[in-house]
Amino acid sequence: MAQTITAPVHHELLIKKSRFIACVQPMADRAGAQQVVAGLRAQHPGAAHVCWALLAGGQSAAVDDGEPSGTAGRPMLDVLRHQDLEGVLATVVRYFGGVKLGAGGLVRAYTDSVAQALLQAEKVAIVRKTILRCSAPYPLEGLVRREIDAAGAVLLDVAHSEEVTFSFSLPEQAAGAFSARLNEAGHGRIAWLRDDEA
C-alpha cells in the first residue's frame, strides 16, 4: 500500500569534503516542487547542484541539475519508488568539496542522502477515498445516518426534498460492502445516485 510522509525531514552527509544536504517532504504536485527547488537555490547560492526527485501521481520528476546524467535525480527517485511512497519530494543540495566522486560514488551519495532522511520520516498509509450519494425515504433517514456513522464515513451533505439525499465519503475499498449493507438494511428503498443526478 502506498504511503506518504507527514512532515519534512532533513539529513546531511559529508563525503570527501562534499556536503549533501537532503530533505524529504510531502508534496502534492510538480508546481509546488519547483517552488521549493527555487527556494533552495536562493538559500544556497554557493551550492554546486540542487538535485531533486518527485513522486506525485502522474507528475514524477528526476532532475540531475548538472551532475552527470542518471547519477542524482534517477537514484533519488528509485529510493522513493522502492519505499512505495507517493506525494513526496526529495531534494539534495550539494556543495562540491573539490574531490570528484565518480559516477558510482555520486549515485551512492544521492541514494544514501535520501534513504537516511527517510529513516527519520514518519510514514502514513494513503487511503483512497470515494464519494457516494444516495437518496432514501424520510422514515429511513435515521437508519442511513447510523450506517454512515458506523462505517466511519464522513457525511458531506444532506438535502431534504421529496426524499432525503446524502453525500458522504469513505475509503474506496469499503464502498462495495457498505452499499450492499445499506441496500439490505433499507430493503431496496435506497437509491444510489451518479454525479449527474445529485
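Predicted model: local features only at pLDDT ≥ 70, side-chain atom pairs only at ≥ 80, totals over all residues.
1. A UniProt record, an unreviewed entry, places the feature "domain: Impact N-terminal" at residues 16-118. Over these residues the chain is 40% helix and 26% strand.

2. The five-stranded sheet. An open sheet is formed by 5 strands in the order β2-β3-β6-β4-β5, with antiparallel pairing. The edges are held by β2 and β5 (61-63); each has a single partner strand, so one side of each is left without a neighbour in the sheet. From one strand to the next the twist averages 15 degrees. At one end of the order, β4 and β5 pair in the antiparallel sense over 3 bridges, and the bridge partner of Ala 53 is Ala 62 in β5.

3. Helices on this sheet. Helix α1 packs on the sheet and touches β3, β4, β5 and β6. The direction of α1 makes about 160 degrees with that of β4. Helix α3 (residues 102-120) also packs on the sheet, where it touches β2, β3, β4 and β6. The direction of α3 makes about 145 degrees with that of β2.

4. Helix α1 by itself. This helix (residues 30-43) has 14 residues and reaches 20 Å from its first C-alpha to its last, close to the 20 Å expected at 1.5 Å a residue. Gly 32, Ala 33, Val 37 and Leu 40 of α1 are buried. Viewed down the axis of α1, the buried residues fall within an arc of 140 degrees, so they line one face of the helix. An α-helix has 3.6 residues a turn, so residues three or four places apart point the same way. The buried residues of α1 pack against β4 (49-55) and β6 (88-95). On the other side of α1, Gln 35 and Ala 42 are exposed.

5. The second annotated span. UniProt, again in an unreviewed entry, places the feature "domain: UPF0029" at residues 134-189. This span is 43% helix and 32% strand, and its end C-alpha atoms lie 10 Å apart.

6. The four-stranded sheet. Here 4 strands form an open sheet in the order β9-β10-β8-β11, and the pairing is antiparallel. β9 (154-160) and β11 (191-193) stand at the edges with a single partner strand each, so one side of each has no neighbour in the sheet. The twist averages 25 degrees from one strand to the next. The pairing of β9 with β10 (residues 164-171) is antiparallel and runs over 6 bridges; Asp 157 stands opposite Ser 167 in β10. Helix α5 (residues 172-185) lies across β8 (129-136), β10 and β11, at about 145 degrees to β10.

7. Two loop residues to check. Most residues other than glycine have a negative phi. Lys 17 is not a glycine, yet has a positive phi of about 75 degrees. Lys 17 lies in the loop between β2 (9-15) and β3 (18-26). His 187, also a residue other than glycine, has a positive phi near 50 degrees. The loop that holds His 187 is the one between α5 and β11. Are these residues buried or exposed? Exposed means over 50% relative accessible area; Lys 17 counts as exposed at 68% relative accessibility, and His 187 is exposed with a relative accessible area of 70%.

How values were computed
Residues numbered from 1 in each chain as written. Heavy atoms only, no water. UniProt positions renumbered as here; feature names shortened; annotations may be inferred. Pairing = 2+ DSSP bridges. Axes fitted to C-alpha atoms, helices over the stretch in contact; angles between N-to-C directions. Contact = heavy atoms within 4.5 Å. Buried < 20%, exposed > 50% of the residue type's maximum accessible area, 1.4 Å probe, protein only. Expected span 1.5 Å × (residues − 1). Arc of directions from axis to C-beta.
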